[in-house]
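Good morning, and thank you for coming.

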Amino acid sequence: MRILLALYSVIALALLLWPYKFVVPCSTCINGATLNLDNNRLEFQRPGIVTSITPPRDLPQQLSNGKGLTIEAWLASSKTNQFGPARIISYSQDPLHRNFTLGQHGNDLVFRMRTSETHPDGVGPQIVATDVFMSEKRQHIVVSYDHSNCQIYVNGQLQEQSRAISGNFSNWDPNYPLLLGNERTGDRPWLGNIEQLAMYEGPMSAEQVSEHYKTPMTALQRAGAVTAFEFSDVTDRIIPDRGTIQPTIPMEVPLVYKNEGKPHFLSPKRRFVKDFISNFAIFLPLGFLVFSALFNSSGSVAKTLAVTGGVVLLYALMTEILQYYVEGRTSAFFDLASCIAGSMVGSFIGWRSKFFTLGRHR
């Protein structure tokens with residue numbers, strides 16, 4: 001029984017800490033984002049961030065007047081196994097509050113967007129284009145959305161489309177900053193480089209995408225671009241916006257950045273039913289095994305339940321603390337509570353199943 005318990009404890013920890021990449025968030029970090037003016041690109045060789053100087057408060061209204069949204073970028077990933085998703089472009093407050101996010105998870109390109117018909121943090125549903133980042137080559141990425149159909153193009157070819165995302169931008173929060181390369185919390189870094197970035201009011205047709213891929217344009221040539229950034233004309237680490245929106249949305253490359261808005265362990269956060277179910281399911285067998293192993297020694301149900309609760313609480317707290325340092329994970333009291341709930345149900349099953357009595361009489 002004890003061997004089975006030890007084995008499952010290791011398996012549970014592995015499941016909770018996947019993908020095993022530990023990072024140590026710093027309160028004030030040297031910014032790894034640099035401007036390569038010789039090659040006209042923004043580079044993230046180390047974790048860093050680029051942020052709008054002020055929130056683009058007029059952008060949601062500008063896009064709401066149109067028929068959708070298009071995001072276009074020339075970029076290259078430096079690693080083919082970045083997780084989080086690692087944030088390439090994000091219009092967000094923190095990992096759980098966004099208007100949209102374009103990121104990399106493993107080899108896949110992930111697009112999440114809040115609309116009037118989706119979950120407020122834009123995760124459900126999301127659209128994923130698989131095997132986009134199989135190499136470190138420069139690529140042309142376009143996400144086109146027309147309020148009912150979302151399409152992802154890679155190098156002029158349609159890679160993925162979905163009608164799961166629908167709705168308008170009426171519920172976007174205009175106070176979120178526009179970010180490149182990370183979240184404000186500093187725990188979703190992306191490594192790579194961006195050469196051009198533009199956003200358009202409305203969708204882009206397949207013919208337009210193909211034309212933009214075959215004939216690259218400068219920011220000033222991008223007709224209809226609400227925002228447009230190139231990385232050649234920079235003054236005092238300020239990247240000007242060459243789009244049509246007024247006021248414009250200049251971006252800043254700070255020398256250092258603070259992990260502002262870091263979610264606190266006890267802060268109220270909207271969570272999914274699937275989060276509760278996954279934590280519950282992982283800890284239910286653990287509670288069952290701990291109770292059964294302890295009851296074989298004590299024989300007292302009340303004492304065993306109390307000790308099981310304490311043991312599992314410490315184990316769950318340890319995993320939540322470790323998840324704080326794992327890229328792509330967050331820790332929260334909600335998760336801790338769902339782990340304890342699963343373990344208590346597992347203990348109850350162990351108490352009523354008489355499985356532990358088999359162990360006592362072997």
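Is H140 buried or exposed? H140 counts as buried because its relative accessibility is 0%; buried means under 20% relative accessible area, exposed over 50%, and partly exposed in between, with a 1.4 Å probe and protein chains only. Please keep in mind that this is a predicted model, in which local features need pLDDT of at least 70 and side-chain atom pairs count only at pLDDT 80 or more, while totals for chains, interfaces and linings use all residues. Residues are numbered from 1 along each chain as its sequence is written, and side-chain values use heavy atoms, with hydrogens and water left out.

H140 belongs to strand β10, residues 139-145. Helices (H or I, at least four residues) and strands (E, at least two) are DSSP runs, numbered from the N terminus. Beyond its neighbours within four places in sequence, H140 is in contact (heavy atoms within 4.5 Å) with several residues, among them E72, W74, Y153 and H212.

Next, the salt bridges. A salt bridge is a side-chain nitrogen of Lys or Arg within 4 Å of a carboxyl oxygen of Asp or Glu, and by this rule the count comes to five. One of them joins the side chains of R138 and E195, at 2.8 Å from N to O. R138 lies in the loop between β9 (127-129) and β10, and E195 in strand β14 (residues 192-201), so the pair ties together parts that are 57 residues apart in sequence. R138 counts as partly exposed, at 41% relative accessibility, whereas E195 is buried, at 17%. E43 and R41 form another salt bridge, their closest N and O atoms being 2.7 Å apart. Here E43 is buried, with a relative accessible area of 8%, and R41 is partly exposed at 23%.

Let us turn to strand β7, residues 97-106, where eight of the ten residues are buried. Two strands pair if DSSP finds at least two bridges between them. Strand β6 (residues 82-94) runs antiparallel to β7, and eight bridges join the two; they form a hairpin with two residues between them. Within β7, L102 stands opposite I89. On to strand β8 (residues 108-113): six bridges join β7 to β8, again in an antiparallel arrangement. This hairpin has one residue between its strands, and F100 stands opposite M113 in β8.

Finally, where is F348 placed? F348 is in helix α6, residues 333-353, and counts as partly exposed because its relative accessibility is 45%. Thank you for your attention.
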